[in-house]
Amino acid sequence: MSRETAINVTLALILLAMPFLALQLGKPFYVTLATRMAILGLAAVGLNLALGLGGLVSFGHAAFFGVGGYAAGILASHAFAGQPLNLGLFALPGTNQMLVVWSVAVLAGGLLAAAIGVISLRTSGVYFIMITLAFAQMTYYFAISWPAYGGEDGLSITIRNVVPGINTLIPINYFLVCYALLLTALLIFALIRGSRFGAALQASRQNKLRVASIGIAPFRIGLVAFIISGMITALSGALYADLNRFVSPSMLSWHMSGELIIIVVLGGVGRLWGPVAGAMLFVVFEFVLGGLTERWQFFLGLALLAVVLFARGGLVGFLAGRMRHG
């Protein structure tokens, strides 16, 4: 077993053990913190696919995160009101079934990622960063100006959506659902990274001209990766909305995109469990330092600066050493 594999297994066991230990200690609130770590880790896995493998520095992933959240909130609100969602050509009945909500969220995230990717992937560098940010802000202001679903005040989810056979109102059950989806996303990431598609995607990150010279279209590869990335992030947004039983335009803001990038960088860009390590660090900073000072982001910034200067592979890279290729 390699050192990085051992670190990954340790991270998996720590995250899994946290909520059970919290219950044994009579601290049920920490179950919610562990669930938040799993959900943010899932969102960061989506971004890591685009950023870590494709070199796509997207500052607009909050758009997918928020769209997934609104998919959960809107469907739940229509289910509670007993009214179908009118989409013009057809009506979509409201539902509180998570399997349906997840499917809609993933589809919405994929469609939005396709629309954004078709335009933004024709640019590169700072232009790509700015155009993805612009699209995310467009979705943010659209949500604010959408009074039918709360506008600036957001939208409450009266009851948590359900999974057949699982009582998701029990916090530990909901954590296990989120944890299982996180493991599934990590498996997808690992399969893509080890596939021919993943090799082409990483080669395209290094040199698009060389990839194009051997008959591979960098644009198509980048677009597919961007779509899959958006779908995974949208799924995490639906889970996040259910966790809080609330969805608001803040899920679509550039701050959310920045947080996801910070999480990936803290844990390790391109590392399998880097996003999870980053999410765990981020939530610990937010909870521990946030309880001491309102300016806890200052210390997060110092940690991020230390990673950039002394541990460019993030926490996982610092512990595991240089990443092995091939």
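Contact means heavy atoms within 4.5 Å. The model shown in these views is predicted: local features need pLDDT of at least 70, side-chain atom pairs count only at pLDDT 80 or more, and totals for chains, interfaces and linings use all residues. Residues are numbered from 1 along each chain as its sequence is written, and side-chain values use heavy atoms, with hydrogens and water left out.

**View 1. The protein chain as a whole.** Among contacts between residues at least 6 apart in sequence, 78% join residues at least 24 apart. The protein chain has 13 helices and four strands; these are DSSP runs numbered from the N terminus (helices H or I, at least four residues; strands E, at least two). Its C-alpha trace spans about 55 × 55 × 40 Å along the principal axes. Of the 326 residues, 49% count as buried (under 20% relative accessible area, with exposed over 50% and partly exposed in between; 1.4 Å probe, protein chains only).

**View 2. Glu4 in helix H1.** Glu4 lies in helix H1 (residues 3-24). With a relative accessible area of 17%, Glu4 is buried. Apart from neighbours within four places in sequence, Glu4 contacts Arg271, Leu272, Val316 and Ala320.

**View 3. Helices H10 and H11.** The axes of H10 (residues 254-267) and H11 (residues 274-289) come within 7 Å and cross at roughly 110°. Axes are lines fitted to C-alpha atoms, for helices over the stretch in contact, and angles run from 0 to 180 degrees between N-to-C directions. The two helices are therefore roughly perpendicular to each other (65 to 115 degrees; under 35 is roughly parallel, over 145 roughly antiparallel and the rest oblique). H10 passes H11 in a right-handed crossing, the near helix being turned clockwise from the far one by less than a right angle. Glu259, Ile263, Leu266 and Gly267 of H10 meet Gly274, Pro275, Ala277, Gly278, Ala279 and Phe282 of H11.

**View 4. Helices H11 and H12.** The axes of H11 and H12 (residues 296-310) come within 9 Å and cross at roughly 145°. This crossing of H11 and H12 is right-handed. Phe282, Phe285, Glu286 and Leu289 of H11 make the contact with Trp296, Phe299, Leu300 and Ala303 of H12.
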